[in-house]
Structure formats: C-alpha cells, structure tokens
Amino acid sequence: MALKDLPDDARPREKLLARGPGALSDAELLALLLRTGLAGKGVLQLAADLLAPPPVGFGGIAGLLHAGADDLKRVKGLGPAKRAELVAVLEL
C-alpha cells in the first residue's frame with residue numbers, strides 16, 4: 001500500500017512525530033530512510049523485504065547492519081544514492 005493511501009496517523013513520519021520513534025516498527029523506521037519505493041512496490045514493502053529472512057532480505061536490522069554496499073547492490077530499488085545513504089547510516 002502506498003503511503004499516501006494510509007491514514008495520516010498511520011504514516012511513518014507523522015507517527016514518529018506524534019508518538020516518538022518507539023512507536024514505529026523497524027520496517028517503518030527503515031522506510032523513513034528510504035523515502036521511496038519503486039514501481040509496483042511501496043516503500044513500506046521495500047523496507048519489509050530488506051528486513052525479511054534470507055534469501056529475500058538480510059534477516060532483520062542485525063543482518064542489515066552487516067551489509068555492505070556490494071550486498072545492497074543485489075536489491076532492486078536500491079540505486080547508488082540509496083545504497084550510499086544506507087551504508088552511511090549503518091556506519092553511524
């Protein structure tokens with residue numbers, strides 16, 4: 001489902017600002033970083049796929065924390081800009 005189709009209080013950014021980061025799932029927090037999905041796949045689904053168990057995803061936040069830029073290249077929808085941003089955030 002596209003973010004624009006969600007009620008305002010269910011959208012990750014609005015939810016975070018109203019209720020704090022603890023109110024969001026890992027997928028919602030990751031979706032905030034990714035900002036956009038790709039054709040046929042919304043940003044929430046892309047985030048959920050990244051956190052899914054292998055071979056689809058990286059097995060949660062812990063797996064994603066150990067992913068490098070080369071690992072992220074295999075994910076459709078993560079171009080150079082999103083990969084660089086994720087690697088930078090994960091490094092922090």
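The model is predicted, so local features need pLDDT of at least 70 and side-chain atom pairs count only at pLDDT 80 or more, while totals for chains, interfaces and linings use all residues. Residues are numbered from 1 along each chain as its sequence is written, and side-chain values use heavy atoms, with hydrogens and water left out.

The buried residues of helix 6 are Lys82, Arg83 and Leu86. They cover an arc of only 100 degrees around the axis, which puts them on the same side of helix 6; the arc is that of the directions from the helix axis to the C-beta atoms. These buried residues pack against helix 2 (26-34), helix 3 (43-51) and helix 5 (69-72), where contact means heavy atoms within 4.5 Å. The 12 residues of helix 6 (residues 80-91) should span 16 Å at 1.5 Å a residue, and the end C-alpha atoms are 16 Å apart, which agrees. The expected span is 1.5 Å times one less than the number of residues in the helix.

In helix 2, the buried residues are Ala27, Glu28, Leu30, Ala31 and Leu34. Seen down the axis of helix 2, these residues fall within an arc of 160 degrees, so they line one face of the helix. Their cover includes helix 1, helix 3, helix 4 (61-65) and helix 6. Arginine 35 follows helix 2 and has a positive phi, near 70 degrees.

Lysine 15 is placed in helix 1 (residues 12-19). Lysine 15 is buried, with a relative accessible area of 14%. Leaving aside residues up to four places away in sequence, lysine 15 touches Asp9, Gly20, Ala23, Leu24 and Glu28.

The protein chain as a whole holds 6 helices and 0 strands; helices (H or I, at least four residues) and strands (E, at least two) are DSSP runs, numbered from the N terminus. The radius of gyration of the protein chain is 13 Å, close to the 12 Å that the globule rule gives for 92 residues, so the chain is as compact as a globular protein of that length. This radius is taken over C-alpha atoms, and the globule rule is 2.2 Å times the number of residues to the power 0.38. Buried residues make up 30% of the 92 residues.

How values were computed:
Buried < 20%, exposed > 50% of the residue type's maximum accessible area, 1.4 Å probe, protein only.
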